[in-house]
Amino acid sequence: MKIAIPVDEKNIESKVCISFGRTPYYMIYDTDSKEAEFFDNEAASSPGGAGIKAAQSLADRKIDVLLTPRCGGNAADVINGANIKMYKTQGDSIKSNLEAYEAGKLNELTEIHEGMHNHGK
């Protein structure tokens, strides 16, 4: 299974980023191999639609689960359409959120906000 998390830096000691669509990076953790890889969020500098573009990049990478503190409505539509399950992070530690998810202690993210439209303008 592949788990994606928006992160501030490209290392496992980084913090979970509070912004889904404008996070600088994503970490993908493979539960089978126990390995993490990081990639740049090319949507972060987009003048509009960053959440949608970021969500599509996760769908293209065949992510199964997204751990994030928040998500906008348009991005959530793409994520749900790709059958990616969303869970709300607790605190900002990547490791503790992965452990909480694997222990079944994270709640599904059901509180979807309007999004930060025109953020890049």
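1. Let's start with the aromatics: rings of Phe, Tyr and Trp (its six-membered ring) count as a pair if their centres lie within 6.5 Å, with planes under 30 degrees apart called stacked, over 60 edge-to-face and the rest tilted. Searching the whole structure on that basis turns up three aromatic pairs. One of them is Tyr87 with Tyr101, an edge-to-face pair at 5.1 Å centre to centre and 65 degrees between the planes. This pair links distant parts of the chain, with Tyr87 in strand β5 (residues 85–88) and Tyr101 in helix α3 (residues 94–102), 14 residues apart. Helices (H or I, at least four residues) and strands (E, at least two) are DSSP runs, numbered from the N terminus.

2. A word on the ground rules: this is a predicted model, where local features need pLDDT of at least 70 and side-chain atom pairs count only at pLDDT 80 or more, while totals for chains, interfaces and linings use all residues. Residues are numbered from 1 along each chain as its sequence is written, and side-chain values use heavy atoms, with hydrogens and water left out.

3. Are Tyr87 and Tyr101 buried or exposed? Tyr87 counts as buried at 15% relative accessibility, and Tyr101 counts as buried at 16%. The cut-offs are under 20% relative accessible area for buried and over 50% for exposed, with partly exposed in between (1.4 Å probe, protein chains only).

4. Elsewhere, Phe20, Tyr26 and Phe39 make up one aromatic cluster. Have a look at Arg61 too: its charged end sits over the ring of Phe39, 3.6 Å from the ring centre. That label needs NZ of Lys or CZ of Arg within 6 Å of the ring centre and within 35 degrees of the ring normal.

5. Now for Asp32, which is in the loop between β2 and β3 (35–40). Asp32 is exposed, at 66% relative accessible area. A polar atom of the Asp32 side chain lies 3.4 Å from the backbone nitrogen of Met1. From C-alpha to C-alpha, Asp32 and Glu108 are 22 Å apart in space, and they are 76 residues apart in sequence.

6. What about the cysteines? The structure holds zero disulfides (a disulfide being a pair of cysteine sulfur atoms within 2.5 Å). Cys17 is in no disulfide, and its nearest cysteine sulfur, that of Cys71, is 13 Å away. Cys17 is buried, with 8% relative accessible area, and Cys71 is buried at 0%.

Methods
Polar contact = N/O pair within 3.5 Å; in protein donor to acceptor, adjacent residues only side chain to side chain.
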